[in-house]
Amino acid sequence: MNISLKALIPLAVFAALCIALAIGLTKDPSELQSMMIDKPFPEFSLPNLHGEGLLGNEVLEGNVTLVNVFGTWCAPCAIEHPVLMKIEQTKAVTLLGVNWMDTRENGRDWLKKHGNPYTYTLSDKHSSLVQALGVAKAPESFLVDKTGRIRYKHTGVITLKAWREVIEPLTQKLEAET
Amino acid sequence: MRALMKTIIVLFALSLSFSLSGLAHGQNMQGNADLESRAREIGKSLRCVVCQNESIEESNASLAADMRVFIRERLAAGDSNEAIIATMQNRYGDYVLLDPPVQANTYILWFGPALLLLGSFAWYLFRAKRKTVAVKNQPLSEEEQKRLDDMLAEGRK
């Protein structure tokens with residue numbers, strides 16, 4: 001009895017390995033790690049989608065900002081958009097749009113059609129800011145504190161539930177920071 | 001003659017589309033073959049983050065094309081290959097590297113199989129040795145000896 005139980009050890013090790021690997025398989029590898037948390041928001045200088053000139057990091061200063069990467073080609077972004085409109089109405093946070101891989105005309109038309117929740121919108125046609133943020137898919141959002149530091153990353157569509165339960169409370173917390 | 005003309009036109013169209021696609025994908029660093037070959041080397045070691053198992057050098061995704069442009073910009077600005085790869089790793093995490101780096105959280109990946117092999121071999125040696133020892137040092141019990149004697153006696157009859 002003693003010996004036969006010990007003989008099962010290799011089998012047990014094998015089973016443990018299988019279980020660990022099986023758990024690994026259920027994880028989505030495209031859900032990237034949050035590399036940007038607590039890092040300063042990357043330096044940028046991008047065309048203003050509306051109007052002329054370039055916008056830089058000064059648009060983040062002094063406010064808690066929700067930076068939202070979107071594209072007119074991105075179907076989930078259209079689903080997310082009404083939630084952003086609602087968030088804008090609460091005036092709880094400043095919204096900064098990053099219009100990704102679009103022509104400025106397409107971006108502007110899309111916002112005209114669906115409504116514009118953003119205080120500022122950047123045109124990132126060639127993925128320069130998007131790459132600096134480590135974004136692979138849209139929509140993706142970052143909550144930036146008053147000092148321009150990234151504090152939270154939300155991958156995928158912001159639902160009303162995610163806003164109420166996670167992002168809004170965090171915004172209030174960051175707003176209270178000096 | 002017409003067939004020849006057709007072939008020439010097709011070949012011309014093909015070559016044109018190849019050179020156009022090269023331009024469209026931001027893969028040209030004209031006049032600097034050295035930087036271009038370095039750019040391709042870096043591109044081959046980085047994963048296209050939207051296509052899972054393709055390098056950004058092979059991928060047709062627009063983000064991969066923008067990344068190829070970024071690599072060439074950094075090279076032109078004088079960055080080393082390692083610095084560019086480190087920048088990408090800082091942004092997208094280890095996932096962006098096609099070869100997993102040897103570091104604390106990947107030791108099990110790199111050394112696990114060898115350890116498992118050595119471990120199983122050690123286990124085998126240990127058990128094999130113990131078995132021979134067990135057989136050597138086990139004389140028959142009194143009862144067994146008696147049974148054996150009886151059987152032998154039975155056979156001699």
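Where is A:Ser127 placed in chain A? A:Ser127 is in the loop between strand S5 (120–124) and H5 of chain A.

1. Basis of the note. This is a predicted model, in which local features need pLDDT of at least 70, side-chain atom pairs count only at pLDDT 80 or more, and totals for chains, interfaces and linings use all residues. Residues are numbered from 1 along each chain as its sequence is written, while chains are lettered from A and ligands numbered from 1 in the order in which they are written. Helices (H or I, at least four residues) and strands (E, at least two) are DSSP runs, numbered from the N terminus.

2. A:Ser127 is not a glycine, yet its phi is positive, near 55°. A:Ser127 is buried, with 22 other C-beta atoms within 10 Å. (Buried means 20 or more other C-beta atoms within 10 Å of a residue's own, exposed 12 or fewer, and partly exposed in between; C-beta atoms are placed from the backbone.) A:Met101, also not a glycine, has a positive phi of about 50°. A:Met101 lies in the loop between strand S4 (94–100) and helix H4 (104–114) of chain A. It counts as buried, with 21 C-beta neighbours inside 10 Å.

3. A cis peptide bond. The bond that joins A:Ala138 and A:Pro139 is cis, with omega about -5°. A:Pro139 belongs to the loop between helix H5 (128–132) and strand S6 (140–144) of chain A.

4. Strand S6(A). Because 5 of the 5 residues of S6(A) are buried, the strand is largely enclosed by the rest of the structure. In a regular strand the side chains alternate between the two faces of the sheet. Here A:Glu140, A:Phe142 and A:Val144 point one way, and A:Ser141 and A:Leu143 the other way.

5. Neighbours of S6(A). Two strands pair if DSSP finds at least two bridges between them. Strand S3 (residues 65–70) of chain A runs antiparallel to S6(A) and is joined to it by 5 bridges; A:Leu143 in S6(A) has A:Leu66 opposite. Strand S7 (residues 150–155) of chain A is also antiparallel to S6(A), again with 5 bridges, and A:Lys153 in S7(A) is the bridge partner of A:Phe142. S6(A) and S7(A) form a hairpin with 5 residues between them, and A:Gly148 in the turn has a positive phi of about 85°.

6. Nonpolar core. In soluble globular proteins, nonpolar side chains tend to be buried together. A nonpolar core is a set of buried Ala, Val, Leu, Ile, Met, Phe, Trp, Tyr and Cys residues joined through C-beta atoms within 7 Å. The largest one has 48 residues, and those with the most contacts inside it include A:Val98, A:Phe142, A:Val144 and B:Ile71. Helix H3 (residues 62–76) of chain B gives the largest share of this core, 6 residues.

7. Helix packing in chain B. Helix H2 (residues 33–45) and helix H4 (residues 81–92) of chain B pack at an angle of about 35°, their axes 10 Å apart. Axes are lines fitted to C-alpha atoms, for helices over the stretch in contact, and angles run from 0 to 180 degrees between N-to-C directions. The contact (C-beta atoms, placed from the backbone, within 7 Å) is made by B:Arg38, B:Glu41, B:Ile42 and B:Ser45 of H2(B) and B:Asn81, B:Ile84 and B:Ile85 of H4(B).

Technical notes
Two residues are in contact if their C-beta atoms, placed from the backbone, lie within 7 Å.
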